[in-house]
Amino acid sequence: MTTIKHIIADELGIHARPAGQLVKAAGAFKCEIKLGTPEKMVDAKRIMGVMRLALKQGDTLTMTFDGEDEKEAADELERFLKENL
């Protein structure tokens, strides 16, 4: 299992457009990907779960990856988070 953490820098937090892009990027991998906070984790491949988190600027997002391509998924999604959120 691989875990990454990211502090949301976007002043709008995770809103519809980046949430959709994040879900699309996560869907390209076979491994199980969860994201959220210590209080609530959701499937990163489901848009409604990601939107329901309502993460705002300054919140710490945790992502966990478990499966055959977890290293590649973690690298790609960490790059996505740094560039977009």
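1. Is K24 buried or exposed? K24 counts as exposed, because its relative accessibility is 68%. Here buried means under 20% relative accessible area, exposed means over 50%, and partly exposed lies in between, using a 1.4 Å probe and protein chains only. K24 sits in helix α1.

2. A word on what you are looking at. This is a predicted model, in which local features need pLDDT of at least 70 and side-chain atom pairs count only at pLDDT 80 or more, while totals for chains, interfaces and linings use all residues. Residues are numbered from 1 along each chain as its sequence is written, and side-chain values use heavy atoms, with hydrogens and water left out. Helices (H or I, at least four residues) and strands (E, at least two) are DSSP runs, numbered from the N terminus.

3. Now find T37, in the loop between β2 (32–36) and β3 (41–43). T37 counts as buried because its relative accessibility is 16%. Setting aside residues up to four places away in sequence, T37 touches L55 and T60; contact means heavy atoms within 4.5 Å.

4. Next, look at how two helices pack. Helix α1 (residues 16–27) and helix α3 (residues 70–84) meet at an angle of about 165°, and their axes are 10 Å apart. The axes are lines fitted to C-alpha atoms, for helices over the stretch in contact, and angles run from 0 to 180 degrees between N-to-C directions. The angle therefore makes α1 roughly antiparallel to α3. For reference, angles under 35 degrees count as roughly parallel, over 145 as roughly antiparallel, 65 to 115 as roughly perpendicular and the rest as oblique.

5. Which residues make the contact between α1 and α3? From α1 come P18, Q21, L22, A25 and A26, and from α3 come L77, F80, L81 and N84. Sorted by class, this contact has seven nonpolar, two polar and no charged residues. Ala, Val, Leu, Ile, Met, Phe, Trp, Tyr, Cys and Pro count as nonpolar, Asp, Glu, Lys and Arg as charged, and the others, Gly among them, as polar.

6. The largest nonpolar core has 26 residues, and those with the most contacts inside it are L22, I33, L35, M63, F65, L77 and L81. Such a core is a set of buried Ala, Val, Leu, Ile, Met, Phe, Trp, Tyr and Cys residues joined through side-chain atoms within 4.5 Å. At least two residues of this core come from each of α1, β2, α2 (47–53), β4 (60–66) and α3. In soluble globular proteins, nonpolar side chains tend to be buried together. Take F65: leaving out residues up to four places away in sequence, its contacts include M1, I4, I33, A73 and L77.

7. A54 deserves a look too, in the loop between α2 and β4. A54 is not a glycine, yet it has a positive phi of about 50°. With 39% relative accessibility, A54 counts as partly exposed.

8. G27 belongs to helix α1 and, at 47% relative accessibility, counts as partly exposed. E83 belongs to helix α3 and counts as exposed, because its relative accessibility is 54%.
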